[in-house]
Structure formats: C-alpha cells, structure tokens
Amino acid sequence: MTAEAPAHTPEHHDGEHHTSTGLSNEKLAMWVFLGSECLLFGGLISTYMFNKGRIGPDDVGPNDVFDIPFTSVSSFVLLMSSLTMVFAVSSIARGDLRGNRIWLTTTAALGATFVAGQVYEFTAFYSEGLGFTTNLFGSAFYALTGFHGAHVTIGIVMLMSLLVMSMRGNLGPERAETVEIIGLYWHFVDIVWIVIFTIVYLFPQ
Amino acid sequence: MTVTDRTITAPEETLALPAGPAIAHRPLGIFTRPQGSEGWRSWLFTVDHKRIGIMYGAAALFFFLVGGAEALFIRLQLATPNGSVIGAGTYNGVFTMHGVTMVFLVIMPMAAAFANYLLPLQVGARDVAFPRLNAFSFWCFLAGGLLLTSSILVGGWFQNAPDGGWFAYAPNTGLLFSPSKGIDFYAVGLQILGIASLVSAINLIVTVLNMRTPGMSFFRMPVLTWMLLITQFLLLFALPVITVALFLLMFDRLWDANFFNVEAGADPLLWQHLFWIFGHPEVYILILPAFGIVSEIIPTFSRKPLFGYHFMVASGIAIGFMGWGVWAHHMFTSGVGPLSVAAFSVSTMFIAVPTGVKILNWLATMYRGRLRFTTPMLYAVGVVSMFTIGGLSGVTHAIAPSDTQQTDTYYIVAHFHYVIFGGALLGLFGGFYYWWPKAFGYKLSEAWGKASFWVMLIGFNFTFGPMHILGLQGMSRRIATYRADEGFALWNMVATIGAFVIAVGVAMFFWNVYVSTRNWRRAGRPDVGPDPWDARGLEWMTASPVPEHNFDEDIQVDRLDHFWHRKYGKDESGRVVRAAPTSEIAHDGSNTNVHLPSPSYWPIVLGGGILLVGYGIIYNLWLAAAGLVFLIGAIYGWILEPADDPDAAGHHDDHHDDDDGDDHGDPDGNGGPSGNGESASAETEEPETEEAATVG
C-alpha cells in the first residue's frame, strides 16, 4: 500500500478539510501501517536474536564477517538521508520546487548508497563463506537485513516516483503532504536500521 | 475527537481556490475509469463498500461450503472404527484444509463483510477512507483464497493440500516430513490473505478514526463499530508476526534456509511462539465481530438499550490487550518451563473476566426486556449460551495440569468449536438475518430461519458435545482412524450424525435465501422500509437497500443510539412514547448530488497479479518475476489512473477516489478547494445550498 502513496493527494493542507482526528486519512493510514511494520521487524529481530548464537564452534559467525567501520559509514549515510528528507519536506512546504527536487534526489541517492553498501557487504560475506543457507546465523542475518534493504529500496522507488511527478509539474506545494507521508516511511526505515545496526552489529556477539 | 460543525461554513468561501502559487496542471491519468453501476462489470470494478461487503459475504459462504464438505469427509471417516472412507494422507489434507478454510476463508471474510458493509454506515460516513484499497483487499483475499483452495485440486485430489494442521508446526512442516507442495500453498496463501487483511485493517481503522459524522464521538459509536475496530487493530499487529513466521517457513522450504532445521541447531519452539503470538489474538479476531453483532441484536429485540455500554466497550478493549498475553497457553506441554506455564495460566484465567462481563451484560440487557424471538435474536441467544459453554471449557485449559491431559485430544476440538462455531459463526449467521433487509431490501423468511436455526443448533450440540467426552476418554485429535476396542465408536457416530444435521441446517439457510428472494420478487419487490426491526444504529436511518451514497446528508449525532432517540422520547409521566415516525427521520436516498468514488479496473488487476506471483513462488520463480513486473505495472496504473473522468455518467463525477468519503452532499467536501489541482480547477458543480445538517 505504500507504493501507491504518491497518488494520494493532500486534501488537507489548508486545514479546511475536516476529518474527525484532524489528521488526513493518508497520513493516519501511514502511521497505522508503520505500527504494523514495527511488529514485522520485531518478529524478524527476535528471530535473529534467537538464532544468532546457534552455530557450531567452527561455523562462520558474526565475528568472522562483520566489518563494523564499513557498516558504520553506510549507517551514517542512511541517517543523513533522513536529514535530507526533512529538507525535501520543508522545501516543498515553502514552495521551493527546485530545492525539493534536489533534496529528493539527494535522499534517494543516499538511500541507494546504503543499499549498494549492503549489496557489497552481502557479496563480501558470501565470499568469506557465509551464505543464506550456511547456518542459522546466516539465514537469520540475511533475512533481517535483506528485509530492511527491501524496505529501503521501496522507499527509493517512491522517492524517484515523487521526483518524476515533480518533473512533470504534478508535485506542487498542495501536495506537500504526500512528500511528508513518504518522509514518514523513510524516517521509519532509518529508525529501524538504528535498532538493527545496534542489535546485529554492535551488541557483543 | 469530534469535529466542529462544518456545515455552517459558507459554500462560496470554501469553493474558493486555495491560496499559494498556481501549479501548472497536467493530469496524471493515462487510462479511463470504468463506468456504470449495472451488470457484472460494475461488480468487478466497484469500489462501493457495500458491494465489496456483499462480495466478501458471498465468497465466505462459498468457502463455507468447501470447508463444510471437508468437515463432512472428516466425520464420515471417523464415523466408525477403522474407517476407510479416505486414506490417512488425504485425511491430513482434509482436516488441515478444513481448519484453514474455516478460519481464514470463512469466519474472517464474513466478519470483513459486516465490517465493510456496516462500519461506514454506523459511523455515518459516505464510504471507507480508501475505496480503491478496499476493493483491492477483497480481490487480494479472493486471490489468496483461490490459491489456497486450488491446492485441493492441483496434481490430484488432495495430493498437494497443506497437511500440517492449521497451525503447521515447523519442523513437522519442513520438506522432510511434508514433501508435497501443500505447505508452500499454505505459506504463500496465508501471506496473500495477510496482505488483504492488513490493507483492510488500515483502511477500516482510518475510516473509524477519521470519518465519523459530526457528533459521533468514540463513546457514541455502536458496540459493533467498537468490536470491529478492536478486531482491525488486532489484525494490524498480529498479521505481521505470522507473516514473519510464514516467510521463514517459506525460505526454509524453497531456498534451504535453516530457521527450523533442527540439525543446524534450530529450536522448534520458534515457530510455536511466532504462530501463537499471532494465533491467540486471531482467536479474538474471530470472536469479537460476533460479540459486536450480538450486542446490536439483543438490545433491538429486547427493546432496551445495551446494559453497561461503557463496560461492554472497555471489556472489548481489555480483551484486545490481554489477548496478547496468553499465547503460551497453547504451548503448556511444549516445555516452555514452569514459570511461563504459571504466568500464562494466570493471564488466561484473567482474560475470562472481560468475556464474562460481556455475557452478563447481554443477560442484563435481556432481563425484563420486551423480548421478541426473531431469527436474529435466536442466533444471538444461541451465541450467548453456546459461547458460555465454550468459554467455560476454555477456562479448564487455563489450569495447566488439566490442560496437560487435554492437549491434542478431542476435548480441545470440542472447546474451539463451541467458541468458533457456537460463538463466531452463529453470531455471523444472526448478522446475516439481521442486516439482510438492510442490504437487499427484504427479510429472509422467519419460518425457515427459525427452523434452520434449531436444526443447526441441535446438530451442533450433537456434533461437538460428545467430543468433550471423547477427549476426556483420550481420543487424540488428527488421527485418521481408531480401533473398535478403544470405546470411541458410539460418540463418534453421534458426532457424525450431528454433523450431517448441521449440513441440513446450512442447506435450509441457503434454501431460505432462495425462497425469500423468489417470494419477494413475486410479490413485486415490496419495500421493507429503512428500519424493519425498529433498531438503534445509524445504518437503519437510510433506505433499504442502502443507496449508493449511503446518507442524503450528514447526520449530526447528539448521543449514543442517536436514531432511537430521534424515534422515541418520554412523555410527562416518563413513559417511552413515539416521538416521530421513522419515515420522517430516515433518509429516502433521493439525494443524487453526492460525490462518489469512480469504479476502478486496478484493484482486480492487482489481485490477479498477486495470484500470479503466488503460483510463481510455489512453482516457478520466472513466473513469479513476471507476476512481479505485472504487479508493479499495475501499481503504477493505479497511481496514474485519472482521478476525474469528465465522461463519467451519473453522479460519479468525482475526482480522487481515495478521498474522504464523509462528505455526502456537503459542499465543502471533496469537491471543495481542498481538492487536488484537477478537481479544483475542473469544478463545475453548483454549490449545494441545502443545509447539510438539518438533523438534530
């Protein structure tokens, strides 16, 4: 349902359109959806924590593959994309369409950098002997981070769709809320990564 | 939480263009939108919550026949010792599909039928918050249901049906023990159904939170609205958990992951925890809609307000929260440890309290009421009594030592059929009788209805009552047969006869639908009137069947049971007297100036894409990839669909269909300035001068 969010029009930006809560339907729907997403990642993170230690002494484990400085940098890149997302929202609210396009592009590019880092990381881990089917740690690690990467990718697609809309002149200040709603999703995905990064990479193995 | 009175806003003002820089407008649409509201096409492309509700109900009844036939096969096989009607392998598939069908394809969509049809009406809205998404939910549900049900047929009769029980314990459902495609169908099918329910839950939550008519504060909402809202929240939070579990199982089976590979060190308890964290809230997902329906029926036919409205709502909310803290009572014998067992024992006993509150409040509502035992009322009373039996046997499960004896016996089967059949299904059937005139404009026959009820109730008790005894005698569930010297023969035969009596009762329901429809048509389709039962909710305040736009104008709600209080007042001596005839209060559906969302091709197209992806994942990843491309294309088609179709006939001249639906006849609604660029600039409609809130 998130993928169709760009189609939603901000009926409510001028505050004249009444809903019972005062929030627009689209924004409320995104909040509700993100509530559900919390449980999805909750389940995956629990599965990871439950399984990460279940490997034999000679198996490839977290300590053998993790490159924390590298992942820290890519995490930093992803967190910065939240900042640029904020700029994208604020620029369109001000009516600065050019700024909006720049920040949308920057956000998508930072997100893409993160995903590229993840692809690199997966390739590197694989070459070090950790495949999806190697052991429980491998299955749980790739499932969790892969799900997150898929979420980031969907976010990038939505940002690019916004950009195309903007190029075609269909993304003006009256649709600032659309950008804001996609921003909510983007920030959520970033916040989840903070949790995942902490639990997967930083917790003592 | 309540909105301010928007009807006093002058239309001239609200139709002004929004301030700010003008944006060059280019329509996003590349396709036209379907038109017309007649014929089968209009059903395929409809986004009307009422039609979607009816389609949910029809689909659920279809799957009910499938699941019922499976139940009869089970009973035939078990009727006599050493049964040989179906083989043991087929038997596994039959009981698994019976459970999965009844839970996911019957009770849940039947509840969704009522939720779709009634939630917008009960809160006084024009439609749900996202009509197209609503249609998508239905088609996605149907895709999942058909995929799951097709497993019975593909590759031979029950050769590829899921065979691991409805809770599909891994690693028993791993490739080693379950090598057919069955569990793949289970995992993929339930994920698709999960998407459908999740989208629907979001949609309905937003509808209830955001689209209540003026004055409809939370504690003026009918109990059914409350129960359905709580159900949607449970779905919202429970579904992602089983989605995770299903993903893990699917990864294990299809791509050799190790989540449930005990050889690699996996713990089988992982699946049980994930499944039951979903599974126990699921139990309340099944029963709460029926509780809501009963809470509507009993006050109407007792001619009394619901006793303890606030307690009813609060107990529903309490069930919603506590439902998350009892899951491990399904796992008392799995070795979760004494501390867990003790904690979950206590929490399970506690959750009986809010449920008991509901039972007592229904009894208190009936106490000294002027009872009318119509068919819906019979079903409601049936729920109260049968659910109490099931609830009490449920409390015996909370006592862990006792549960240890009962686990995996027919005692459990008896228990959950008393709550799910005797509770949820009877309630939903009562709902069919109760709201049938609202949806179709005529009542079902009372005579056939009552007969069908009694046959069903008696058959039900003959089927599942003896299972308590069988369970305590030690008969295991899920066994394909038993020996003659085990002493199970008598009660099994009784249960089998009972099952066929139920089948007769169900057949009588369908016959009733046929006969009542025929008689109504022969009689020249007489109008049943907006309020045939003299009821209380807002849904009775508009014509039957409900016109496409629901209400002619916004209703200004001033208290709980608003409609009732419009109809009845008290005279000087405090006696309840009729204040106004229903015909004066109810809307006649004559306002044709209401903006309605246009129908759309894309929901059903998206559903088809999901079906393709589903089969692709099971059989061929290239097919899945093709389906995914198709799906993404359809999503963009959906986005680019024109919001405003200048050629649209009738009053389908709306703009964006994901707009709010609460603006029936209200000029500052979706035709107003707050609309998107295209509708604001293309606005040609005259501002309506009627006062939208003449009510109150």
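**Getting to know chain B**

Q: In chain B of this predicted model, what share of contacts between residues at least 6 apart in sequence join residues at least 24 apart?
A: Start with the contacts in chain B whose partners sit at least 6 apart in sequence. Now keep those that join residues at least 24 apart, and the share is 82%.

Q: How many helices and strands are there in chain B, and what percentage of its residues is buried?
A: Chain B has 20 helices and 2 strands. It runs to 696 residues, and the buried ones make up 58%.

Q: Are α3(B) and α4(B) roughly parallel or antiparallel?
A: Helix α3 (residues 49-78) and helix α4 (residues 88-122) of chain B pack with their axes 7 Å apart, at an angle of about 160°. Angles over 145 degrees count as roughly antiparallel. So α3(B) and α4(B) are roughly antiparallel.

Q: What is the handedness of the crossing of α3(B) and α4(B), and how do the contact residues divide?
A: When α3(B) passes α4(B), the crossing is left-handed. The residues of this contact divide into 23 nonpolar, 8 polar and 2 charged.

Q: Where in chain B do B:P171 and B:P545 lie?
A: Most peptide bonds are trans. Here, a cis bond joins B:A170 to B:P171, with omega about 5°, and another joins B:S544 to B:P545, with omega about -10°. B:P171 lies in the loop between α5 (131-150) and α6 (182-210), and B:P545 in the loop between α15 (489-522) and α16 (562-567).

Q: Is B:A168 buried or exposed?
A: B:A168 lies in the loop between α5 and α6 of chain B and has a positive phi of about 45° although it is not a glycine. A residue is buried if 20 or more other C-beta atoms lie within 10 Å of its own. B:A168 has 24, so it is buried.

Q: How does B:D256 count, buried, exposed or partly exposed?
A: B:D256 is in the loop between α7 and α8 (269-302) of chain B, with a positive phi of about 60° although it is not a glycine. It has 14 C-beta neighbours inside 10 Å, so B:D256 counts as partly exposed.

Definitions and conventions. Residues are numbered from 1 along each chain as its sequence is written. Chains are lettered from A and ligands numbered from 1 in the order in which they are written. This is a predicted model: local features need pLDDT of at least 70, side-chain atom pairs count only at pLDDT 80 or more; totals for chains, interfaces and linings use all residues. Axes are lines fitted to C-alpha atoms, for helices over the stretch in contact, and angles run from 0 to 180 degrees between N-to-C directions. Helices (H or I, at least four residues) and strands (E, at least two) are DSSP runs, numbered from the N terminus. Angles under 35 degrees count as roughly parallel, over 145 as roughly antiparallel, 65 to 115 as roughly perpendicular and the rest as oblique. A crossing is left-handed if the near helix is turned anticlockwise from the far one by less than a right angle, and right-handed if clockwise. Ala, Val, Leu, Ile, Met, Phe, Trp, Tyr, Cys and Pro count as nonpolar, Asp, Glu, Lys and Arg as charged, and the others, Gly among them, as polar. A residue is buried if 20 or more other C-beta atoms lie within 10 Å of its own, exposed if 12 or fewer, and partly exposed in between; C-beta atoms are placed from the backbone. Two residues are in contact if their C-beta atoms, placed from the backbone, lie within 7 Å.
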